[in-house]
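Q: I would like a close look at a single part of this protein. Please start with the whole and then zoom in.

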Amino acid sequence: MNALQSAMSALVERLWYGSKRPLAFLAPLSWLYRSIAEARRRAAWDARDASLPVPVIVVGNITAGGTGKSPLTAWLVSELVSAGWRPVILSRGYGGDAGQYPLAVAADTSPDEAGDEPVMLALSTGCPVVVDPRRRRAADYALENNLGDLLICDDGLQHYKLPRDLELSVFDGRRGIGNGALIPVGPLREPISRLASVDFVIVNGKEFSEQALETFAGVDHPAVYSMDLEPASLVHLKTGVSRPVGDLDGKTVTAVAGIGNPARFFDTLRALGADVTERALPDHHRFRPEDLTTDNGELIVMTAKDAVKCRDFAPENAWSLVVEARLPEQFRDAFLARVSQCAEPLTS
């Protein structure tokens, strides 16, 4: 099954993220997808309630697959807390089933209930996280319970029923916009012209610096800022003990990834000097003990997002790679200035 999943991932890379459009014969379906998406957006926008009494920041992307939204969200939370805000993270909780919403998420909440990303964000940021497929209901819950004075919606760019003050669109630097076509011909959830209405474009990875002008040529968009995800530490799943990432140099590891863009994770481990055996699984994969087995007891390394789902049954050789977002000071200043225009932080 893993070999099949890896083959499917490689096929998607070729079909969507090359310069050509081999699925161009599906263009009528792309047109239909765009028509339905725009109709739903207009209907949601028209039915949207009045703005909320606190700033609302939405982090998302217009491409399918992983781009680094959650590490960016964690970085934003850290900067906002330093500036005096009390942020609350809102999430759909993809991959979880709480049965009853809204759900207040803690670091020890089961990912089966909340989803992997909300638990990871609660663990890494220490700030309140509220899960609800209806993000406006989650927002109301956060405000009614005085959880904070600013809301950050993780992966909510297309959730138009939620009023918002600022929008950030995140791209993977290596993939960019792929072939520039809408699903299913290409990876775009919305036309590239959507960038004209967002406040900040964030590109994950240095690769983008060489392709920026070509990727967004002729597109009206705000200033583009580069984000790097830097490996920070290795954390043992069972004990929580940390080790420096330099310990991977020269080690043979099995890299397990159930994320939207596993290739970037595998490349990160190789850049740290590890000899990597890839084990790619579907995004938001529901892990089982058999997913974490190796023939020779070599190190198993996974993302922090996957690790929260494996804490109860992780073997002794399982570690997670913790990464931290790094963004330029110019973006930090511009972002906080825009937030301060919405409202002043409330003192607790």
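Q: What percentage of the residues of the protein count as buried? After that, please take me to S91 and its surroundings.

A: Keep in mind that this is a predicted model. The protein has 348 residues, and 48% of them count as buried. Its fold contains ten helices and 13 strands.

Now zoom in on S91. This residue lies in strand 2, which covers residues 87-91. Is S91 buried or exposed? S91 is buried, because its relative accessibility is 4% and the cut-off for buried is under 20%. What does S91 touch, leaving aside neighbours within four places in sequence? Its contacts are P118, V130, V131, D132, R135 and D154.

Finish with the cysteines. C127 has 10% relative accessibility, so C127 counts as buried too. C342 has 32% relative accessibility, so C342 counts as partly exposed. The cut-offs explain the two labels: buried means under 20%, exposed means over 50%, and partly exposed lies in between. How many disulfides does a search of the whole structure find? The search finds zero. A disulfide is a covalent bond between the sulfur atoms of two cysteines.

How values were computed: Residues are numbered from 1 along each chain as its sequence is written. This is a predicted model: local features need pLDDT of at least 70, side-chain atom pairs count only at pLDDT 80 or more; totals for chains, interfaces and linings use all residues. Side-chain values use heavy atoms; hydrogens and water are left out. Helices (H or I, at least four residues) and strands (E, at least two) are DSSP runs, numbered from the N terminus. Buried means under 20% relative accessible area, exposed over 50%, partly exposed in between (1.4 Å probe, protein chains only). Contact means heavy atoms within 4.5 Å. A disulfide is a pair of cysteine sulfur atoms within 2.5 Å.
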